[in-house]
Amino acid sequence: MTPLTHSLSQTTVLGLPFIPLVTDIFFGVLGMVIVLIFHGSGINHIIMRFETKTSANLEHGHYNWVFMHFYSSFFFIALVHMFEILLWCFYLLMLGLVNDGVQALLFAGSCYTTVGFMEDLLPPGWKSLAFFISFTGLFSLAWTTSVMVGMTNAYKAAWNLKYGRGSLNDS
C-alpha cells in the first residue's frame with residue numbers, strides 16, 4: 001500500500017471514513033438515478049397513453065372507457081413501483097451486499113416504502129444505501145401522486161359528462 005492510499009484509507013470527513021463514504025454515495029446515487037429514470041420512463045408512458053385514450057374517449061362520448069383506462073393506469077403505475085423495488089433488490093444482490101434474494105426484496109421494499117419493517121441487513125460501510133432506496137421511494141411516490149391528481153380530474157370530467165352535470169366542475 002502506498003503512503004497516499006494508506007492516508008486516504010485512514011482519512012475521515014466529519015468523523016466518517018472517507019473511502020466507504022464516497023463508495024456508498026457513488027453507488028447510492030447511481031442506483032437512485034437508474035430507478036428514477038425507470039420510474040420517469042414508465043410513468044410518463046402510462047400518463048401519455050392515458051391522456052391520449054381519454055381525450056379520444058371523451059370526444060366520442062365513451063365515458064366508461066375513460067373509467068377503464070383510469071383504473072388500468074393505476075394498476076400499471078403500481079406495477080412500475082413493484083419493479084422499482086425489484087430493481088433495488090437485484091442491485092443489492094449484484095453488489096453482493098445481501099446474499100438472500102427474499103431478504104434483499106423485503107429490505108428494498110421496506111426502505112422504498114419507508115415503512116421500515118425490516119432490520120438493516122447491509123454490511124458496515126454500506127448502511128447509508130438504505131437512505132438512497134428511501135429517497136427513490138419518496139420521490140417516485142410524490143411523482144405518482146402528482147400524476148394521479150391529473151388523472152382524477154379527467155375521471156371527474158368523464159363522470160360529470162356521463163351523468164349530465166351542467167358543468168365539468170359540478171360535483
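**Figure 1. Leu-122 and the residues around it in this predicted model.**

**Figure 2. The largest nonpolar core, 22 residues in total.** Which residues touch the most other members? That would be Trp-88, Leu-92, Leu-97, Phe-107, Leu-122, Leu-129 and Ile-133. At least two residues of this core come from each of helix H2 (18-59), helix H3 (63-94), helix H4 (101-112) and helix H5 (129-162). There's another core lying apart from this one: it has 15 residues, including Ile-46, Phe-67, Val-147 and Tyr-155. As background, nonpolar side chains in soluble globular proteins tend to be buried together.

**Figure 3. Helix H2, end to end, and what follows.** H2 packs 42 residues into a run that reaches 60 Å from its first C-alpha to its last. At 1.5 Å a residue you'd expect 62 Å, so the span in the model is close to that. Just after H2 comes Gly-61, with a positive phi of about 75°.

**Figure 4. A nonpolar patch on the surface.** H2 and H3 are the elements giving two or more residues to the patch, with H2 supplying the largest share, 4 residues.

Figure 5. Leu-30 is found in helix H2. Is this side chain's residue buried, exposed or partly exposed? Leu-30 has 35% relative accessibility, so it counts as partly exposed: the cut-offs are under 20% for buried and over 50% for exposed.

Technical notes:
Residues are numbered from 1 along each chain as its sequence is written. This is a predicted model: local features need pLDDT of at least 70, side-chain atom pairs count only at pLDDT 80 or more; totals for chains, interfaces and linings use all residues. Side-chain values use heavy atoms; hydrogens and water are left out. A nonpolar core is a set of buried Ala, Val, Leu, Ile, Met, Phe, Trp, Tyr and Cys residues joined through side-chain atoms within 4.5 Å. Buried means under 20% relative accessible area, exposed over 50%, partly exposed in between (1.4 Å probe, protein chains only). Contact means heavy atoms within 4.5 Å. Patches are made of residues with over 30% relative accessible area and no salt bridge: like charges are joined within 9 Å, nonpolar side chains (Val, Leu, Ile, Met, Phe, Trp, Tyr) within 5 Å. Accessible areas come from the Shrake-Rupley method with a 1.4 Å probe; for residues, only the protein chains shown count as cover. A salt bridge is a side-chain nitrogen of Lys or Arg within 4 Å of a carboxyl oxygen of Asp or Glu. Lists of a residue's contacts leave out its neighbours within four places in sequence.
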